[in-house]
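Please walk through the charged side chains of this protein with me.

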Amino acid sequence: MSKEMIQALDALEQEKGVKKEVVIEALEAALVSAYKRNYNQAQNVDVEFDPKQGDIHVYAVKEVTDEVFDSRLEVSLKDALAINKAYEIGDKIKFEVTPKDFGRIAAQTAKQVIMQRVREAERSIVYDEYSQYEDEILQGVVERRDNRFIYVNLGKIEAVLGRQDQMPNEKYEAHDRIKVYVTKVENTSKGPQVFVSRTHPGLVKRLFEQEVPEIFDGTVEIVNIAREPGDRTKIAVRATNDAVDAVGTTVGPRGARVQAVVNELSGENMDVVQWEEDPADYIANALNPAQVIAVQFNDEDNDRSATVIVPDYQLSLAIGKKGQNARLAAKLTGYKIDIKPESEVEFVDDDELSEAEAEAAEASDDQADDTEAPSDDTAETEQADDASDATPVTPNADDQSQA
């Protein structure tokens, strides 16, 4: 070994990003293995590499004892004191045993081991770099495909796009540039493995963060996303500032912001709805674009189910093609939704019921006032009224129609 070795280690650190200390540690381990195998020596061998001069020294480590049973492992106290009077029983002493031809043997034996450790160090660097991109968007280039995966080049590593993560309305050709959502990064025996997706709801969220500054800075919050990849997505938003219109901000001027996301997802439709704290209002918004007359909850059930009443002519729109609109609304809100037309349901609106109760209470108060003791001036009038009430009256045709 020489200074050229030091220069090579420095170059490796600069080009590959592998720290010199990691390579030196691998080199020392490889040289220990080479020495034991070629010289059939005991296991008490230590190899030291001089990072300044590039020299290698092999030492046999022996323990100081009263009586020596194995000269390869032990040294007598008398011999130890001859070296240094400070030695005591149990101390370890290093004796240099570097063979003259060890450099050639070491280079041949350690080459493969060193390269393996270098590859491991490179894999560790790649894993550390890409593990921080979990749940983030990266742009890559489609390279190739097989029966299981599409392989996307992310720069330093190939990510895999599984069948379940591929959009049904997209075809991926070599050299296509696509944005992918990193779902998982694993450090396997074959190196780091990055799994990406085009169907994950997180992709929609990150795309909106890129297109809508208010979502990125937290002024508008994405509460939930329900997605059927390649076809339709519903996204519920709310504003942390009352002065901000969450839906309008997300859609953008003339729909420019949401259209950018739609284009990136190859025409996947986007429904942006307002999140509401009131479940009834939230469910009504989630069924957009259908109009909702009322939302009723069954208090006896604990399964979070709701019955939604819609106009007869809006029934198909509320359910959607193959039930898609209702299915996405249920995923978005977390409620089981049963949609019924207005003609099949008998119900009393809560507001109308409250008004009716108020009118009945007011009428009851008026009747109570009328039953107070009459004055002398009104006695004759009341008697006349009583006589009138006693006489049956036949309603005319107009009254019958009103009845």
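**Charged pairs and a charged patch**

Glu170 has a relative accessible area of 13%, so it counts as buried (under 20% relative accessible area; exposed is over 50%, partly exposed in between, with a 1.4 Å probe and protein chains only). The model is predicted: local features need pLDDT of at least 70, side-chain atom pairs count only at pLDDT 80 or more, and totals for chains, interfaces and linings use all residues. Residues are numbered from 1 along each chain as its sequence is written, and side-chain values use heavy atoms, with hydrogens and water left out.

Where does Glu170 sit? Its place is the loop between strand 7 (158-162) and strand 8 (177-188). Helices (H or I, at least four residues) and strands (E, at least two) are DSSP runs, numbered from the N terminus.

Which residue does Glu170 meet in a salt bridge? The partner is Arg198, at 2.6 Å, N to O. A salt bridge is a side-chain nitrogen of Lys or Arg within 4 Å of a carboxyl oxygen of Asp or Glu. The pair links distant parts of the chain, 28 residues apart. Arg198 lies in the loop between strand 9 (191-197) and helix 5 (201-211). With a relative accessible area of 2%, Arg198 is buried.

The whole structure holds 16 salt bridges. One of them joins the side chains of Arg227 and Glu268 at 2.9 Å, N to O. Arg227 is in strand 10 (residues 220-228) and Glu268 in the loop between helix 8 (256-264) and strand 12, so this pair ties together parts 41 residues apart in sequence. Arg227 is buried at 8% relative accessibility. Glu268 is buried at 0%.

Strand 12 itself takes part in another pair. Asp271 meets Arg232 in a salt bridge of 2.8 Å, N to O. Arg232 lies in strand 11 (residues 232-239) and Asp271 in strand 12, so parts 39 residues apart in sequence are tied together. Arg232 counts as buried at 19% relative accessibility, and Asp271 is buried at 8%. Salt bridges that share partners also join Asp46, Glu48 and Lys94 into one network.

Now the surface. Glu276, Glu277, Asp278 and Asp281 gather there in a patch of negative charge. Patch residues have over 30% relative accessible area and no salt bridge; like charges are joined within 9 Å, nonpolar side chains (Val, Leu, Ile, Met, Phe, Trp, Tyr) within 5 Å. Glu277 is found in the loop between strand 12 (269-274) and helix 9 (279-286). Is Glu277 buried or exposed? At 68% relative accessibility, Glu277 counts as exposed.

Conventions:
Areas by Shrake-Rupley, 256 points an atom, 1.4 Å probe, with all protein chains shown as cover. Lys, Arg positive; Asp, Glu negative; His and termini not counted. Charge placed at Lys NZ, Arg CZ, Asp CG, Glu CD.
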